[in-house]
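Reader: I would like to learn how to read the packing of a protein model, feature by feature. Could we go through one together?

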Amino acid sequence: APAGGQLPQTPDMSLAEYTEPCRIGPVSEKKPRYETRWDSTHIRALRTHLGLSQNALADELGTRQQTVSEWETGQYQPRGASARLLSIVAERAGFEYGKTDDAV
């Protein structure tokens with residue numbers, strides 16, 4: 001997990017430069033770039049991998065703690081920009097989507 005539970009800061013990079021290595025295909029494709037379906041187990045596993053509380057993850061994603069809680073309890077699934085951002089964060093953090101810490 002990153003030191004202090006914070007995601008790395010990149011003040012000298014634009015958002016496009018930061019996400020460029022994460023692109024899977026050209027922008028003109030109609031298919032979503034990220035096929036990952038974020039279910040409750042994987043969201044919690046990512047948060048644990050990052051060493052963040054629900055509140056800290058919510059702050060990093062620009063959402064509410066209640067939203068992260070609803071994702072983790074399976075009430076809702078992230079979609080659109082939230083799902084994409086989770087995928088980018090997971091990739092940057094070296095999180096392996098197919099593995100969770102539950103099978104210890």
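This is a predicted model: local features need pLDDT of at least 70, side-chain atom pairs count only at pLDDT 80 or more; totals for chains, interfaces and linings use all residues.

Reader: With which residues is Trp 38 in contact, leaving aside its neighbours within four places in sequence?

Author: With those neighbours left aside, the partners of Trp 38 include Ile 43, Leu 46, Pro 78, Ala 83, Leu 86, Ala 90, Phe 95 and Tyr 97, and also the polar residues Gln 77 and Ser 87.

Reader: How many aromatic pairs does the model contain, and how are the rings arranged?

Author: For an aromatic pair one reads two values, the distance between ring centres and the angle between the planes, and planes under 30 degrees apart count as stacked. The count comes to one aromatic pair. That pair is formed by Trp 38 and Phe 95, and it is stacked, with 6.3 Å centre to centre and 25° between the planes. The pair links distant parts of the chain, since Trp 38 lies in the loop between α1 (15–19) and α2, whereas Phe 95 lies in the segment after α5, 57 residues apart. Both Trp 38 and Phe 95 are buried.

Reader: Where is Gln 77 found, and is its side chain buried, exposed or partly exposed?

Author: Burial is read from relative accessibility, where under 20% is buried and over 50% is exposed. Gln 77, found in the loop between α4 and α5, counts as partly exposed because its relative accessibility is 39%. The side chain of Gln 77 reaches the backbone oxygen of Trp 38 at 3.5 Å. Apart from neighbours within four places in sequence, Gln 77 is in contact with Arg 37, Trp 38, Asp 39 and Trp 71. Gln 77 and Ser 40, although 37 residues apart in sequence, are 7.5 Å apart in space, C-alpha to C-alpha.

Reader: Which residues of α3 are buried, and against which helices do they pack?

Author: In α3 the buried residues are Gln 54, Leu 57, Ala 58 and Leu 61. They cover an arc of only 100° around the axis, so they are on the same side of α3. These buried residues pack against α2, α4 and α5. After α3 comes Gly 62, whose phi is positive, near 75°.

Reader: What span does α5 reach, and which of its residues are buried?

Author: The twelve residues of α5 reach 16 Å from the first C-alpha to the last, close to the 16 Å expected at 1.5 Å a residue. Its buried residues are Ala 83, Leu 86, Ser 87, Ile 88, Val 89 and Ala 90. Just after α5, Gly 94 takes a positive phi of about 75°.

Reader: Is Glu 72 buried or exposed, and which side chains make polar contacts with it?

Author: Glu 72, found in helix α4, is buried because its relative accessible area is 5%. The side chain of Glu 72 makes a polar contact of 2.5 Å with the side chain of Arg 47, and another, of 2.9 Å, with the side chain of Gln 54.

How values were computed. Residues are numbered from 1 along each chain as its sequence is written. Side-chain values use heavy atoms; hydrogens and water are left out. Contact means heavy atoms within 4.5 Å. Helices (H or I, at least four residues) and strands (E, at least two) are DSSP runs, numbered from the N terminus. Buried means under 20% relative accessible area, exposed over 50%, partly exposed in between (1.4 Å probe, protein chains only). A polar contact is a pair of N or O atoms within 3.5 Å; within protein, one must be able to donate a hydrogen and the other to accept it, and residues adjacent in sequence count only if both atoms are side-chain atoms. Rings of Phe, Tyr and Trp (its six-membered ring) pair if their centres lie within 6.5 Å; planes under 30 degrees apart count as stacked, over 60 as edge-to-face and the rest as tilted. The arc is that of the directions from the helix axis to the C-beta atoms. The expected span of a helix is 1.5 Å times one less than its number of residues.
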